[in-house]
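Reader: I'd like to learn how to read a few local features off a model. Could you take me through them one at a time?

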Amino acid sequence: MRALMLEALHQPLAFQQTIVPTPGPDEELVALHAAALNHRDVYIQQGLYAGIQTPVILGSDGAGVCKGREVVICPGLYWGNDPRVQSKDFQVLGMPSNGTFAEFVCVPSENVHPKPAHLDWAAAAALPLAGLTAWRLLFTRCRLQAGERVLITGIGGGVALLGLQLAHAAGAEVWITSGSDEKIIRAAGLGAAGGANYREAGWDKQLKDKAKGFDLIMDSAGGDGFAALVGLCNPGARIGIYGGSLGKIGGLSPQIVFWKQINILGSSMGTNEEFADMLAFVVRHRIVPVVDTSYELADGNAALERMRRGDQFGKIILQIARMK
């Protein structure tokens with residue numbers, strides 16, 4: 001089969017022929033039609049991820065055919081029996097186990113789910129990791145309710161965009177931040193009520209003046225700007241954190257946190273049950289993930305470079321078989 005192999009850190013992916021994997025007990029072989037990139041793939045390539053093992057086929061998101069059925073793959077493997085937290089055996093598809101940047105992949109049978117019929121291959125591949133991450137944060141960890149006011153930071157990435165789409169479909173009023181005015185305008189077309197450019201001085205005051213405060217904030221950055229998010233919280237608000245691209249949080253006032261009774265909740269990936277619930281919600285509301293660009297599998301390094309630059313609005317797709 002054809003695959004993109006990361007043979008060593010800080011090297012381009014090698015497009016090469018390798019053997020078709022053989023499924024083990026309780027595993028399925030999926031013939032992939034499309035895969036999607038995540039920042040995780042770039043971080044692994046750059047050596048900025050824990051426990052890296054090479055050589056490996058990257059890729060956590062995929063959609064294809066298994067035993068004649070159109071399927072999507074839940075990218076969180078071996079969650080374990082406690083729905084509150086993943087087990088020590090938990091891993092994300094695409095390192096250490098081979099992932100979806102290939103024509104075939106083997107995954108546990110429980111991780112193979114029916115593809116939403118209203119999605120084409122590209123949109124289906126765009127859904128799994130981002131959709132699962134956004135779903136668990138919004139509905140499991142932060143208990144989003146219809147009518148609440150939500151702020152999602154850093155719009156443009158896959159998780160943030162699907163968070164916007166899921167929260168809007170659930171009846172929330174959703175606001176966003178971005179470093180790009182163009183992305184703020186495009187997010188309005190997906191249901192965002194408004195937003196602010198975090199590169200502008202006083203962006204948090206702009207949001208406070210317009211929205212008057214938030215019941216739930218979804219953040220992937222952390223860093224020194226996190227303290228401003230706490231100041232935007234309504235009493236009893238929840239802040240869900242699913243990433244930390246800006247590093248350690250500085251300047252956070254604990255007085256605001258305890259006086260406003262704010263909950264700060266970490267969230268990462270999710271269970272197969274949550275994945276099935278997310279799929280059912282997507283089908284019911286006919287949500288279509290945003291696709292930024294599509295590349296042929298052989299052009300995977302160009303796709304990774306676009307991801308590295310951060311230009312994308314939506315998911316970057318690799319076409320593995322002829323797209324429908």
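Reader: Let's start with burial: is Phe 90 buried or exposed?

Author: Buried means under 20% relative accessible area, exposed over 50%, and partly exposed in between, with a 1.4 Å probe and protein chains only. Here Phe 90 has a relative accessible area of 17%, so Phe 90 is buried. Trp 79 counts as buried too, at 6% relative accessibility. Before we go on, this is a predicted model: local features need pLDDT of at least 70, side-chain atom pairs count only at pLDDT 80 or more, and totals for chains, interfaces and linings use all residues. Residues are numbered from 1 along each chain as its sequence is written, and side-chain values use heavy atoms, leaving out hydrogens and water.

Reader: How many aromatic pairs does the structure hold?

Author: Rings of Phe, Tyr and Trp (its six-membered ring) pair if their centres lie within 6.5 Å; planes under 30 degrees apart count as stacked, over 60 as edge-to-face and the rest as tilted. The structure holds four such pairs. One of them is Trp 79 with Phe 90, edge-to-face, at 5.4 Å centre to centre and 80° between the planes. Both residues sit in the loop between strand E7 (76-77) and strand E8 (91-92), eleven residues apart. Helices (H or I, at least four residues) and strands (E, at least two) are DSSP runs, numbered from the N terminus. Ring pairs also link Trp 135, Phe 139 and Phe 281 into a cluster.

Reader: Now the backbone. Which peptide bonds are cis, and what is omega there?

Author: Most residues other than glycine have a negative phi, and most peptide bonds are trans. In this model, a cis bond joins Thr 54 and Pro 55, with omega about 0°. Pro 55 lies in the loop between helix H1 (39-45) and strand E4 (56-57). The bond from Met 95 to Pro 96 is cis as well, with omega near 15°.

Reader: And what is phi of Tyr 78?

Author: Phi of Tyr 78 is near 60°, a positive value in a residue other than glycine. Tyr 78 lies in the loop between E7 and E8 and is partly exposed, with a relative accessible area of 35%. Arg 286 also has a positive phi, near 50°. Arg 286 sits in the loop between helix H9 (272-285) and strand E17 (291-296), and its relative accessible area of 58% makes Arg 286 exposed.
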